Amino acid sequence: MTHSHPSITAIPDLNGRYDLYGAVHKGLRKAGCDLLVRLGSTDFDQAEDTEEVLALLRTYLMLAASHVGHEDAHIHGALAARGVATDTVDHQHDDHREAFDQLEALARGVETAWPMHRRASGRRLYIAFAAYLAEDLAHMHEEETVTARALWNRFTDDELSVIELNIVSSLSPEKNMAFMRIMIPAMNPLERAQMLGAMQKGAPPEIFDAVIEFAVRPSLNPKAFGDLAGRLKLAA
């Protein structure tokens with residue numbers, strides 16, 4: 001995977017600018033790292049454990065593939081319209097799509113392996129996913145240090161907010177909820193309160209209540225939910 005930035009420490013400060021990548025990348029990082037640990041600790045000789053971890057993998061791959069498509073259509077398309085090339089991250093997205101297919105093939109290999117080979121198949125999946133995740137973490141770094149700077153140079157915060165709204169609006173309710181489940185626990189308390197506070201003010205009450213009950217409450221421990229409830233004046 002190629003990268004355009006020479007230093008991992010050349011990270012631009014937000015300086016109050018709209019963080020288009022922040023929340024979803026935090027969610028994908030946490031979900032990917034949690035899944036890597038889970039794959040490494042799974043007993044692939046146990047059918048129930050195997051079925052559960054493969055379901056988690058497929059949910060993750062679905063969200064990751066969806067995210068790549070959203071960035072291609074809404075972010076890279078917007079940059080291209082203003083004369084900015086996105087060749088590096090475009091190629092990385094192509095690599096991701098190839099990896100998604102390879103990981104699904106390995107998952108099917110685990111399911112169809114003879115019992116004596118299942119542990120080896122699970123190990124292959126674990127190591128392959130680790131390699132994919134390493135590339136994805138580097139890719140997200142590229143976007144948050146290079147692509148984000150290009151966005152800030154050419155778009156106002158209001159325009160970036162519209163891009164994000166267009167992405168969210170393109171999702172089904174089920175997929176929106178799935179993204180919320182990985183994003184909410186990955187945020188710090190202030191970020192969480194700011195995002196959900198904006199939703200509390202702007203979304204229909206029934207939508208906000210559904211997000212709280214089916215995405216937020218199940219994904220936070222009691223202390224974190226209590227903190228959020230206090231900030232938003234929710235029923236604990």
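**Close-up 1. Buried residues of helix H6 and the helices they pack against.** In this predicted model, helix H6 spans residues 173–183, helices being DSSP runs of H or I with at least four residues, numbered from the N terminus. The buried residues of H6 are Met-177, Ala-178, Phe-179, Met-180, Ile-182 and Met-183, where buried means under 20% relative accessible area, exposed over 50%, and partly exposed in between, with a 1.4 Å probe and protein chains only. These buried residues pack against H1, H2, H7 and helix H8 (205–219), contact meaning heavy atoms within 4.5 Å. Residues are numbered from 1 along each chain as its sequence is written, and local features need pLDDT of at least 70, side-chain atom pairs count only at pLDDT 80 or more, and totals for chains, interfaces and linings use all residues. Side-chain values use heavy atoms, with hydrogens and water left out.

**Close-up 2. The crossing of helices H1 and H4.** The axes of helix H1 (residues 22–41) and helix H4 (residues 115–154) come within 10 Å and cross at roughly 165°; axes are lines fitted to C-alpha atoms, for helices over the stretch in contact, with angles from 0 to 180 degrees between N-to-C directions. H1 and H4 are therefore roughly antiparallel to each other, a term used for angles over 145 degrees. Their crossing is left-handed, that is, the near helix is turned anticlockwise from the far one by less than a right angle. On the H1 side the contact includes His-25, Leu-28, Arg-29 and Gly-32, and among the H4 residues that they and their neighbours in the contact meet are Leu-125, Tyr-126, Phe-129 and Glu-144. The residues of this contact divide into 12 nonpolar, 4 polar and 3 charged, with Ala, Val, Leu, Ile, Met, Phe, Trp, Tyr, Cys and Pro counted as nonpolar, Asp, Glu, Lys and Arg as charged, and the others, Gly among them, as polar.

**Close-up 3. The salt bridge of Asp-157 with Arg-17.** A salt bridge is a side-chain nitrogen of Lys or Arg within 4 Å of a carboxyl oxygen of Asp or Glu, and by this rule the count comes to 14. The side chains of Asp-157 and Arg-17 meet at 2.6 Å, N to O, and the pair links distant parts of the chain, with Asp-157 in helix H5 (residues 157–169) and Arg-17 in the segment before H1, 140 residues apart. Asp-157 counts as partly exposed at 26% relative accessibility, and Arg-17 counts as partly exposed at 24%.

**Close-up 4. The salt bridge of Glu-52 with Arg-38.** The closest N and O atoms of Glu-52 and Arg-38 are 2.4 Å apart, and the pair links Glu-52 in helix H2 (residues 47–81) to Arg-38 in helix H1, 14 residues apart. Glu-52 is partly exposed at 40% relative accessibility, and Arg-38 is partly exposed at 29%.

Close-up 5. Arg-82 lies in the loop between H2 and helix H3 (87–112) and Glu-159 in helix H5, so the pair ties together parts that are 77 residues apart in sequence.

Terms used. Helix = DSSP H or I, 4+ residues; strand = E, 2+ residues; numbered from the N terminus. Parallel < 35°, antiparallel > 145°, perpendicular 65-115°, else oblique.
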